[in-house]
Amino acid sequence: MKIIIINGPNLNLLGKRENDIYGDETFHDFFERLQEKFPQVALSHFQSNVEGELINALQEVGFSYDGIILNAAAYTHTSVGIGDAVKAITTPVVEVHISNTFAREEYRHTSFIAPNTKGIILGFGLQSYELAVQSFLAKN
C-alpha cells in the first residue's frame, strides 16, 4: 500500500511554532516513528507553502496511490483550487488537522476540501495522521 502525506503552509515549522497548539515534535521525527509503526505501508510525504505546488502534488499521485493524507493547513479554508483538485482525482483523500479547527477562529470552521474527501480527522495532534493511516488499512 502506498500512502502519501501532503502538508501545506507552515507545517514545516512544526516543533518550532505555537507549541501550545501544534506540540514540540518536528514532523520529520514524527514521520520516522510513523514509518516504524506501519512497516507494511510505503509512506512518503511532501510539504509546500505554495498552493499551486500542493495542487501539482495531488494531481501527480492522485491516480496511482492507495491513499492521500492531506493537511492543507490554512488553505483548507481558502482554496477552492485544492478542493477542486481533490475532487478531480481518484485516490481517496483523508483531510487531517493537528488542532481542533472548530475550537479556533470561526473562519477555520469551513473546509473547501472536506466535501470531496473520504473523511476528516482533527484535533488529536500529530496522532491525527496515524489515525488517517489506520483508516486506509481498515476493512470498509
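Visitor: Why is R33 called partly exposed?

Guide: In this predicted model, R33 has a relative accessible area of 46%.

Visitor: What makes the contact of E25 and R33 a salt bridge?

Guide: The side chains of E25 and R33 come to 2.9 Å, N to O, and the cut-off is within 4 Å; therefore the pair qualifies. E25, at 23% relative accessibility, is partly exposed. The structure holds two salt bridges.

Visitor: Which residue forms a salt bridge with K37?

Guide: The partner is E130, with the closest N and O atoms 2.6 Å apart. K37 lies in helix 2 and E130 in helix 5, so this pair ties together parts 93 residues apart in sequence.

Visitor: Why are helix 2 and helix 5 called roughly parallel?

Guide: Their packing angle is about 30 degrees, with the axes 11 Å apart. Angles under 35 degrees count as roughly parallel, and the two helices are therefore described in that way. Helix 2 passes helix 5 in a right-handed crossing.

Visitor: Which residues make the contact?

Guide: Helix 2 contributes F27, F30, L34 and K37, while helix 5 contributes Y129, E130 and V133. These residues divide into five nonpolar, no polar and two charged.

Terms used:
Residues are numbered from 1 along each chain as its sequence is written. This is a predicted model: local features need pLDDT of at least 70, side-chain atom pairs count only at pLDDT 80 or more; totals for chains, interfaces and linings use all residues. Side-chain values use heavy atoms; hydrogens and water are left out. Buried means under 20% relative accessible area, exposed over 50%, partly exposed in between (1.4 Å probe, protein chains only). Helices (H or I, at least four residues) and strands (E, at least two) are DSSP runs, numbered from the N terminus. Axes are lines fitted to C-alpha atoms, for helices over the stretch in contact, and angles run from 0 to 180 degrees between N-to-C directions. Angles under 35 degrees count as roughly parallel, over 145 as roughly antiparallel, 65 to 115 as roughly perpendicular and the rest as oblique. A crossing is left-handed if the near helix is turned anticlockwise from the far one by less than a right angle, and right-handed if clockwise. Contact means heavy atoms within 4.5 Å. Ala, Val, Leu, Ile, Met, Phe, Trp, Tyr, Cys and Pro count as nonpolar, Asp, Glu, Lys and Arg as charged, and the others, Gly among them, as polar.
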